[in-house]
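Student: I would like to learn how to read a protein model. Could you take me through one, feature by feature?

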Amino acid sequence: MKKQLLYALSAALLCISLQTQAQKWTKLFDGKTFNGFKQLNGQAKYEVKDGVMVGTTVANTPNSFMATEQDYSDFILEFDVKVDNRMNSGVQFRSLSIPEYQKGRVHGYQAEIDPSARGWSGGIYDESRRGWLSQNEGKPEAKKAFKLGDVWNHYRIEAIGNTIRTWINEIPVSYLVDDMTATGFIAFQVHSIYGDMKPGMQVMWKNIRIQTGKDMQPRPNDGKTVVENYTLNTLSEQEKAAGFKLLFNGKDLTGFRSAFKTTAPPSVWTVEDGTLHVNSKGGKESGNGGDILTNDQYGSFELTFDFKLTEGANSGVKYFVNETYNSGMSAIGLEYQVLDDAKHPDAKLGTVGNRTLASLYDIIPSNKNDARFQKKIGEWNQGRIIVYPNNIVQHWLNGFKVLEYERKSNIFNVLVAHSKHAKWPGYGAQDKGAILFQEHGDSVFYKNIKIREIN
């Protein structure tokens with residue numbers, strides 16, 4: 001009996017010892033000095049007080065960064081942060097500062113520290129490069145994770161392979177899949193002064209620790225956190241678990257057909273380096289072979305797609321397409337407008353902007369009252385269409401919801417009656433329909449086209 005107890009005790013102690021070894025952490029900041037760090041870009045004041053890294057805003061200087069001299073690729077980082085609630089800050093990782101990029105300007109991934117009403121703390125911002133990659137719109141629990149006031153908030157960042165995840169106070173916030181930068185330094189930001197900020201405001205960090213290599217103990221996937229996947233035409237395991245599938249495989253046009261036909265898509269649609277390209281034909285609608293549609297039909301669904309416009313271009317993504325309507329041109333369906341608002345004349349037509357980018361074409365205008373909602377012509381945008389079983393429909397652009405309506409409702413029917421679609425009986429009211437990508441005679445690119453059905 002004593003031997004059995006000894007064996008059990010030894011096994012328990014071994015288990016505890018292994019767990020302790022597995023959870024080994026290394027201090028990234030020693031709490032006394034800035035050994036292993038260097039300050040980049042701005043001239044904000046950094047100092048060490050009672051084991052805490054303190055950053056203080058200074059007038060007339062750009063964003064400042066206290067950066068590690070060592071680069072890190074795969075790691076788990078934890079820290080506590082307290083910040084003046086009128087400030088903005090962040091922690092850079094896998095970031096770079098090289099002479100050939102904007103004269104050494106810091107750029108790369110940033111875990112946002114944002115004590116404002118919008119609640120974007122823990123989102124992933126691509127500093128001085130692509131802007132927001134993952135923010136908290138549509139994630140109510142993540143929006144509330146950061147606690148306001150004179151309190152410490154606990155952050156966790158896991159960057160392993162092409163997957164980046166964040167937590168605040170143990171609440172999951174971001175799940176990003178991206179492969180632009182694999183390694184770089186970690187840096188603590190004091191933002192330049194803007195808005196209500198003023199000199200003398202402070203952000204503080206403590207308990208900064210890191211795991212790398214065999215010491216890493218990543219958390220299991222929860223199967224719930226919204227995934228933002230920027231890798232080309234791929235599905236993460238979390239996306240697969242959520243029911244997403246690729247509509248476009250990145251290699252050919254399997255699964256698509258020509259509008260009004262059962263034949264393969266016209267030659268105007270080409271696959272180039274993993275992107276779907278509709279080639280230019282002088283801007284004439286369906287003037288170069290016509291639209292392409294999915295072979296399958298969809299009722300309630302979530303569709304995501306990346307698109308890139310050329311100057312002055314026009315296209316669109318249609319859903320609940322009804323090919324029994326004899327339009328003589330493009331097949332008819334509800335349309336998420338894809339348009340260069342500044343250069344294409346269609347943006348000035350219709351009513352109160354209901355033909356602009358991300359609008360429900362000629363029916364409801366999109367609300368893009370923030371310049372960050374859309375990228376420059378020639379850069380990639382992300383569109384999202386969500387159709388719920390209760391007929392609520394949403395259009396999203398680059399992570400922001402820009403319109404919402406109820407299909408088949410009285411208000412919807414009235415709006416349709418005052419649009420160019422009034423001549424189509426039952427427009428937009430069928431239970432299922434194909435997804436269509438419009439050929440409007442202009443050069444437009446698509447990629448990362450994914451869909452999941454909603455029950």
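Predicted model: local features only at pLDDT ≥ 70, side-chain atom pairs only at ≥ 80, totals over all residues.

Student: Is Asn88 buried or exposed?

Tutor: Asn88 counts as buried because its relative accessibility is 5%. For the chain as a whole, 53% of the 455 residues count as buried.

Student: Where is Asn88 found?

Tutor: Here we need secondary structure: helices (H or I, at least four residues) and strands (E, at least two) are DSSP runs, numbered from the N terminus. The chain has four helices and 29 strands. Asn88 sits in the loop between β6 (75–83) and β7 (89–96).

Student: Which residues is Asn88 in contact with, leaving aside its neighbours within four places in sequence?

Tutor: Contact means heavy atoms within 4.5 Å. By that rule, Asn88 touches Glu112, Ile113, Asp114, Arg118, Gln189, His191, Tyr194 and Met197. Across the chain, take the contacts between residues at least 6 apart in sequence: 66% of them join residues at least 24 apart.

Student: How do I read aromatic pairs?

Tutor: Rings of Phe, Tyr and Trp (its six-membered ring) pair if their centres lie within 6.5 Å; planes under 30 degrees apart count as stacked, over 60 as edge-to-face and the rest as tilted. The whole structure has 24 aromatic pairs. One of them joins Phe34 and Phe37, edge-to-face, with 6.5 Å centre to centre and 80 degrees between the planes. Phe37 is buried, because its relative accessible area is 7%, whereas Phe34, at 21%, is partly exposed. Phe146 and Tyr155 also form an edge-to-face pair, 6.5 Å centre to centre with 75 degrees between the planes, and both of these residues are buried.

Student: Which residues do ring pairs link into a cluster?

Tutor: The cluster consists of Phe29, Phe34, Phe37, Phe79, Phe146, Tyr155, Phe188 and Trp205.

Student: What does it mean for a charge to sit over a ring?

Tutor: NZ of Lys or CZ of Arg must be within 6 Å of the ring centre and within 35 degrees of the ring normal. In this model, Arg209 lies over the face of Trp25, 4.0 Å from the ring centre. Arg407 lies over the face of Phe320, with 3.7 Å to the ring centre.

Student: And how should I read a phi angle?

Tutor: Most residues other than glycine have a negative phi. Asn233 is not a glycine, yet its phi is positive, about 50 degrees. Asn233 lies in the loop between β16 (227–229) and α3 (237–242), and at a relative accessible area of 10% this residue is buried.

Notes
Residues numbered from 1 in each chain as written. Heavy atoms only, no water. Buried < 20%, exposed > 50% of the residue type's maximum accessible area, 1.4 Å probe, protein only.
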